[in-house]
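Hello,

Here is the structure for you to look at. Some notes on it follow below.

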Amino acid sequence: MKQVSIFVLILLGAVLLAAGNGLPLFGDPHAPAAKHVSDHYIEHAYHDAHTPNFVTVMIADYRSFDTLGETMVVFAAGMACLLLLRGHVRRRGGVVLPPIVHRDDSIITDLVTRAMVPVIQIFALYVVFHGHYSPGGGFQGGALLAGSVLLVRVVLGQDRSNPIFPVSWGTPFGVAGLAIFLGVGLVALAFGGSGLQYDHLPLGLEPDMLRNWGILIAEIGVAFAVMGTLVSIFDDLSGESGEVA
Amino acid sequence: MIDLFIGRWPYVLTVVLMLIGLYGMLVKENFLKKLIGMNIFQSAIILFFIVHAFKWGATVPVYDHHLGDAVEAYINPIPHGLMLTAIVVSVATTGVGLALLVRIYRAFGTLEEPQVLERMQSRNRS
Amino acid sequence: MIESTLPIGVPLLLLGGAIVTVGAGLVRRSAAWPITLVVLVLSALVSVRQLLVVLAEGPLTHRLGGWPPPIGIEFAVDGLSAFVTSVVVVIALLVLLYARDAVRRETPEEEVPFFALLQVLLLGLTGMVLTGDLFNLYVFFEISSLAGYALVGLGSREAPVSAFRYLLLGSLGASFYLMGVGYLYVLTGSLNMADVASILPGLIGNPTLTIAMTMMVAGLSLKMALFPLHGWLPDAYTYASSTATAVIAPIMTKVSAYVLIRVLFFVCDPALRATIPVGSTVAWLAATGIVVGSVMAIAQSDVKRMLAYSSVAQVAYIGVGIGLGTPFALIGATLHILSHATMKSCLFLVTGSVQLQTGRRSLHSYEGLGRVMPWTFAGFTLAALAMIGIPPTAGFFSKWYLVLGGINAGEWPIVLIVVASSLLTAGYFFRLMEKIYANPSPSLKANDPGMLARISIMALGAGVLVLGVANFWFVGEVLQPALPATLRLTGM
């Protein structure tokens with residue numbers, strides 16, 4: 001079996017290297033990928049949405065349906081973990097896993113966590129809200145927010161992290177985030193645009209500023225959804241959700 | 001062929017990374033290692049896209065008033081945006097994979113493929 | 001305005017439905033099934049309306065964000081995609097009728113995430129069908145896959161193991177597809193299917209293009225469980241819960257087959273296809289798959305596993321049609337998408353009902369069940385006859401067109417395999433029939449399942465017959481206009 005696998009690998013490697021010969025040279029500014037659609041994004045993104053970060057405009061406006069789909073992927077993963085683990089913990093026995101969360105009363109980890117969590121959260125908000133101007137956006141900010149909650153979970157333990165972000169909040173956050181994103185899209189649709197066409201939002205601004213706001217609302221939705229879902233996945237994996245929920 | 005290694009060396013590196021990931025998925029017997037192999041494989045594809053976003057002499061795709069709309073001044077934003085989505089997909093897949101592994105471990109007490117299969121068989125027979 | 005929102009109607013309904021299901025499920029768990037039912041009924045109405053509009057007025061498009069392609073993502077519906085969407089949604093609706101009682105008994109605590117994921121799965125599948133963008137298709141591909149892994153993982157003790165293998169192989173398939181899209185993007189600079197299709201002819205002769213198409217076909221074949229990439233399927237279907245199998249088995253592989261048709265016949269033009277030897281390879285592998293799947297099905301003693309292997313064979317029929325690529329063969333492939341979806345969901349619903357009522361799974365334990373569950377097994381018998389390909393059921397006509405397509409292409413060995421495989425199929429179904437209608441042992445206690453489940457089984461069974469009888473209308477009115485102009489039959 002192992003020999004077969006290695007043979008397959010060598011074959012695939014040869015095929016992939018052969019494919020390399022037809023590709024454009026590394027860093028070629030005139031490659032097809034760097035022309036066509038890419039040109040249009042670079043030339044128009046700033047003027048279309050009043051947002052300097054082309055990548056943000058692309059993912060949250062030009063190709064916003066990809067991002068809605070991406071949020072849906074995260075949500076689906078959250079639901080999948082819920083489906084596979086949450087009820088299961090309560091119902092059946094089986095082999096018991098060692099706990100992920102150690103209730104270790106070390107003053108150093110305790111203090112460092114308390115000092116770091118606010119900083120992480122403020123940085124996360126910066127990443128979400130400054131995503132128009134610098135690398136960042138909903139997913140990265142949401143992941144950081146989730147990270148801050150997970151740090152509290154791991155270090156301070158379930159009892160002391162629960163008042164900060166209860167286990168039961170994960171799913172509602174995910175649902176709320178998705179609803180915000182979908183809501184913007186549907187409002188635009190209801191006011192005569194296409195789905196997710198932010199310049200039809202009824203806010204009484206110029207089209208480019210409307211898109212700017214639409215992108216921001218979408219990113220906030222993504223941040224909520226990602227934060228809630230990642231925390232809920234962690235809770236399901238660590239088995240904490242079963243005891244509380 | 002020599003052109004491939006001089007002009008397109010980052011592509012060759014992504015192929016190598018891809019093969020490492022696939023090796024992990026096919027040859028390793030521990031389910032967790034297979035999952036890690038899958039992650040490496042997906043990362044290789046992400047890098048493949050990112051490599052093709054690069055342009056010599058260009059900067060990050062954030063609008064700069066000194067540069068204006070000059071197309072050749074910014075690298076291609078599309079692969080970056082696409083891969084943001086692909087990264088999220090890879091995170092989500094890993095999460096579901098881990099959830100399944102937790103279930104497997106609870107049921108069989110191990111993550112080694114041969115042992116899991118053996119325990120599946122013996123239970124079916126009894 | 002209503003017409004222009006039709007293409008995104010079904011995915012948005014399902015997306016909203018999943019959110020509402022989870023939101024309402026936080027308050028009241030039993031709300032999940034009714035909400036899903038409402039959402040699916042609405043989706044079915046939208047998809048049928050969409051099909052009628054498309055047939056009357058031609059393709060519809062919806063530009064998300066208002067951006068014209070290739071700048072933005074476009075949802076494009078033509079006859080074929082409207083047809084496949086309707087198949088997906090209507091079959092899922094019928095299975096949902098069965099699902100209420102089954103899910104309550106099999107997985108009572110997971111009702112809310114189960115129905116939410118069911119809608120997510122359908123969202124992914126309909127999105128794959130309707131989108132006109134190669135990368136957007138990948139996103140929906142992964143949405144449906146993730147929901148699929150989770151639904152397959154919920155079942156017997158062994159289910160997580162088969163689901164985990166499915167996850168590894170499924171991600172591998174998706175990654176291959178993504179890699180293929182990456183090559184196409186690097187070569188063309190575009191991701192919109194129509195735009196890529198217009199650029200590709202200028203690139204004929206580039207070796208990378210051949211490899212790109214091969215990788216996309218390999219990735220999709222993995223997802224479609226086309227021989228020899230079918231390894232994940234039998235275990236996944238066998239161990240999953242009955243509702244999950246009844247949804248996933250008929251629909252998921254078919255949607256991948258649809259995407260394969262989309263990529264090979266809509267993105268590639270004929271001149272390009274001639275330079276890529278994918279078609280004949282797919283046809284021959286699929287023909288082998290028919291034989292292997294059927295023989296393996298005969299060797300099984302577990303009914304569910306037998307049906308799973310028969311799925312491998314049946315999907316291979318679609319693969320043969322796609323691989324041959326002649327007009328008749330493509331009609332056979334698309335018609336088989338519908339007929340196999342109908343009959344396989346019916347068969348899996350019946351095995352699910354039997355398992356719920358009696359806990360029986362093996363071939364021998366089916367003895368006499370036909371006498372005590374008459375309605376259920378009437379549907380089962382109809383579907384089984386269609387699987388074998390007895391006229392006038394739907395299964396006969398799709399094979400008929402495949403055979404015609406094979407004759408047109410001059411691939412006599414494949415024609416022979418398609419015809420001979422009916423005998424193999426008959427082999428394993430008649431063996432089962434004999435048991436089912438034998439005299440029951442007095443200890444056998446079972447009766448037909450509840451009203452809703454009976455309706456869905458009977459509707460699917462009747463559907464097999466209706467589709468068979470109405471197939472000429474169907475092929476002429478729906479499938480013919482849906483195929484690319486170069487692949488239409490002339491003079492029909």
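Cis bonds between prolines

Pro392(C) sits in the loop between α16 (374-388) and α17 (394-409) of chain C. Helices (H or I, at least four residues) and strands (E, at least two) are DSSP runs, numbered from the N terminus. The peptide bond from Pro391(C) to Pro392(C) is cis, and its omega is near 5 degrees. Chain C also has a cis peptide bond between Pro69(C) and Pro70(C), with omega about 5 degrees. Pro70(C) belongs to the loop between β1 (60-63) and β2 (74-77) of chain C.

This is a predicted model, in which local features need pLDDT of at least 70 and side-chain atom pairs count only at pLDDT 80 or more, while totals for chains, interfaces and linings use all residues. Residues are numbered from 1 along each chain as its sequence is written, and chains are lettered from A and ligands numbered from 1 in the order in which they are written.

Positive phi in chain A

His36(A), in helix α2 (residues 36-49) of chain A, has a positive phi near 45 degrees, though it is not glycine. His50(A), in the loop between α2 and α3 (54-62) of chain A, has a positive phi near 55 degrees and is likewise not glycine.

Contact of chains A and B

Chain B gives 48 residues to the contact and chain A gives 50 residues; two residues are in contact if their C-beta atoms, placed from the backbone, lie within 7 Å. On the side of chain B that touches chain A, α4(B) supplies the largest share, 19 residues.

Regards
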